[in-house]
Amino acid sequence: IRDRYKSEENYALITIVNGKANAISHEVIEGLNNSLDKALEEDKVVVLTGQSGIFSAGFDLKIMTKSPESAKELVTKGSKLSLRMLSFPKPIIIACSGHAIAKGGFLLLSADYRIGVEGDFKIGLNEVMIGMTMHHAGIVIARAKLAHTHFDRSVSNSEIYNPKEAVKAGFLDVIVPENQLVTTAIKIAGMFSKLNKKAHAETKLKVRKPHLIALEKAIEQDLQEDISINS
């Protein structure tokens with residue numbers, strides 16, 4: 001199973017399950033989109049999580065290194081998923097269960113509220129470290145959510161943070177002991193479910209409008225350029 005969907009009273013729990021790295025593949029993106037469709041249908045706040053110790057280590061590197069076309073196709077789908085999450089009418093809470101690298105970090109930057117776990121976990125954008133020139137969409141997503149002083153450190157320098165530093169940088173909102181991750185996410189989902197749904201959806205779009213327009217443009221720009229990992 002590539003991802004799992006569980007419907008609860010106040011929220012829908014979506015779990016990314018894809019091997020040791022919890023890599024983001026075409027199947028995972030498709031599964032996430034289907035789960036978001038279902039949450040919309042059921043009118044539920046979304047809680048998105050990963051496996052114990054890892055939220056996601058990013059795009060599937062086998063697909064990313066296969067060919068520039070293959071890399072571009074996956075990155076484009078990933079950027080469109082971020083665009084969808086950022087404009088999603090329901091609140092999206094991420095319960096970040098451990099490491100969140102590259103696209104795993106970008107998913108954190110695409111949510112409404114992010115809860116991390118304490119511990120020796122790595123969170124950040126390692127694209128430049130692994131030889132990938134940061135794509136336009138990634139820059140737009142990072143600029144909107146990361147603290148100003150951490151933007152360059154993260155995007156240009158591939159600085160990787162521990163969960164505590166990740167709160168300061170803007171990847172996470174709060175960190176809790178691992179055994180409190182799910183209960184905290186449920187509590188936050190309960191608070192979000194008390195918001196007026198229409199007001200939340202409309203306000204979010206109004207607040208993010210310039211950012212969403214910039215992201216749509218960036219996705220178009222990325223289609224004109226080569227996206228590949230250079231050794």
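Helices H3 and H9 are roughly antiparallel to each other. In this predicted model, the two helices, H3 and H9 (residues 197-224), pack at an angle of about 170°, and their axes are 10 Å apart. On the side of H3, the contact is formed by Lys72, Thr76, Ser79, Lys80, Ser82, Leu83, Met85 and Leu86, while H9 contributes Lys204, Arg208, His211, Leu212, Leu215, Glu216, Ile219, Asp222, Leu223 and Gln224. When the residues of this contact between H3 and H9 are divided by class, 7 are nonpolar, 5 are polar and 6 are charged.

Helix H3 (residues 68-86) also packs with helix H1 (residues 26-42), the axes of the two coming within 10 Å and crossing at roughly 20°. That angle makes H1 roughly parallel to H3, since an angle under 35 degrees is counted in this way. The crossing of H1 and H3 is left-handed. From H1, the residues that make the contact are His26, Ile29, Leu32, Asn33, Leu36, Asp37 and Leu40, and they meet Glu73, Leu74, Lys77, Gly78, Leu81, Arg84 and Met85 of H3. The contact of H1 with H3 comprises 7 nonpolar, 3 polar and 4 charged residues.

A further partner of H9 is helix H5 (residues 136-145). The axes of H5 and H9 come within 7 Å and cross at roughly 160°, and these two helices are therefore roughly antiparallel to each other; their crossing is right-handed. In H5, the residues His136, Ala137, Val140, Ile141, Ala144 and Lys145 take part, and they meet Arg208, His211, Ala214, Leu215, Ala218, Ile219, Gln221 and Asp222 in H9. By class, the contact of H5 with H9 has 8 nonpolar, 3 polar and 3 charged residues. The buried residues of H5 are Ala137, Gly138, Val140, Ile141 and Ala142, and they pack against H3, helix H4 (103-108), H6 and H9.

Individual positions in three of the helices were also examined. Leu205, which is found in helix H9, is partly exposed, with a relative accessible area of 40%. Leaving aside neighbours within four places in sequence, Leu205 is in contact with Ser87 and Leu212. The C-alpha atom of Leu205 is separated by 31 Å from that of Lys122, a residue 83 residues apart from Leu205 along the chain.

His150, by contrast, has its place in helix H6 (residues 148-155) and is buried, with a relative accessible area of 11%. The side chain of His150 makes a polar contact of 3.0 Å with the side chain of Tyr161. When residues up to four places away in sequence are not counted, His150 touches Tyr161, Lys168 and Ala169.

Thr184 lies in helix H8 (residues 181-193) and, at 17% relative accessibility, counts as buried, because the cut-off for that class is under 20%. Apart from its neighbours within four places in sequence, Thr184 is in contact with Ile115 and Val176.

Note on methods
Residues numbered from 1 in each chain as written. Predicted model: local features only at pLDDT ≥ 70, side-chain atom pairs only at ≥ 80, totals over all residues. Heavy atoms only, no water. Axes fitted to C-alpha atoms, helices over the stretch in contact; angles between N-to-C directions. Helix = DSSP H or I, 4+ residues; strand = E, 2+ residues; numbered from the N terminus. Parallel < 35°, antiparallel > 145°, perpendicular 65-115°, else oblique. Left-handed = near helix turned anticlockwise from the far one by under 90°. Contact = heavy atoms within 4.5 Å. Nonpolar A, V, L, I, M, F, W, Y, C, P; charged D, E, K, R; others polar. Buried < 20%, exposed > 50% of the residue type's maximum accessible area, 1.4 Å probe, protein only. Polar contact = N/O pair within 3.5 Å; in protein donor to acceptor, adjacent residues only side chain to side chain.
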